[in-house]
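The sequence and structure are shown first.

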Amino acid sequence: MITQPATRAADAELVSASWTDPEAFAELFDRYSGMLYRYVVKRLGPEPAEDLVGDTFLVAFSRRRSYDTGYTDARPWLFGILTKLISRHHRSEAARYRALRRAPLDGDVESPADRVAAGVSAQAARPELAAALADLPAKDRDVLLLIAWGDLTYDEVARALDIPIGTVRSRLNRGRRKVRAALGETNPMIEEE
């Protein structure tokens, strides 16, 4: 007899279940903590990442009864909470990009964790890109990075930031234009040979 694999519960079902069984919320942490961690490391570095991801889930857990269960995917909700927490680190984020602009990449990496962090930081270490990101207004940078690094759709970014989709489009367009201009009209996502 062939058994079918268990289907994965929708995020909304887990949030609803956590109202009476708080342990159900742990599945959301298991699903998304790695993704959120990588996103924070790209934006702020590894130092604040664990704390911010933990804080994101604490806020989400405390607000789980207000989650709109009409949305089956909780990623935009979690990224929205995380983005608000990151905004408190605006100065350190801009300082990080300015430092990355000036610092050469270090080829020597001491541990696997350092290797992961170095790999994640390597894309942002390109001086022109780091400078362009540092110079973007925070609202434009949030939209650009949620799409580029968070891999969210326009609709998901709109939901995460609680803004109209037209605002997402205009902020993304403005951010892309400024970054492209700072990079001399080149695309940093395409590797040069």
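The model is predicted. The protein chain has a mean pLDDT of 81, and 73% of its residues reach 70 or more. Confidence is highest in helix α9, at a mean of 96, and lowest in helix α6 (residues 112–124), at 48. Over residues 119–125 the pLDDT stays under 50, and the model has 11 contacts beyond four places in sequence for this stretch. Residues 188–193 also have a pLDDT below 50, with four contacts beyond near neighbours in sequence.

| Helix pair | Axes | Angle |
|---|---|---|
| α8 (residues 138–148) and α9 (residues 154–161) | within 10 Å | roughly 130° |
| α2 (residues 26–44) and α4 (residues 75–87) | 11 Å apart | about 35° |

The axes of α8 and α9 cross at roughly 130°. The crossing of α8 and α9 is right-handed. From α8, the residues Asp142, Val143, Leu146 and Ile147 meet Tyr154, Val157 and Leu161 of α9. This contact of α8 with α9 comprises six nonpolar residues, no polar ones and one charged.

The crossing of α2 and α4 is right-handed. On the α2 side, Tyr32, Met35, Leu36, Tyr39, Val40, Arg43 and Leu44 take part, meeting Arg75, Leu78, Phe79, Leu82 and Ile86 of α4. The contact of α2 with α4 contains 10 nonpolar residues, two charged and no polar ones.

Technical notes: Residues numbered from 1 in each chain as written. Predicted model: local features only at pLDDT ≥ 70, side-chain atom pairs only at ≥ 80, totals over all residues. Heavy atoms only, no water. Axes fitted to C-alpha atoms, helices over the stretch in contact; angles between N-to-C directions. Helix = DSSP H or I, 4+ residues; strand = E, 2+ residues; numbered from the N terminus. Left-handed = near helix turned anticlockwise from the far one by under 90°. Contact = heavy atoms within 4.5 Å. Nonpolar A, V, L, I, M, F, W, Y, C, P; charged D, E, K, R; others polar. pLDDT = per-residue confidence, 0-100.
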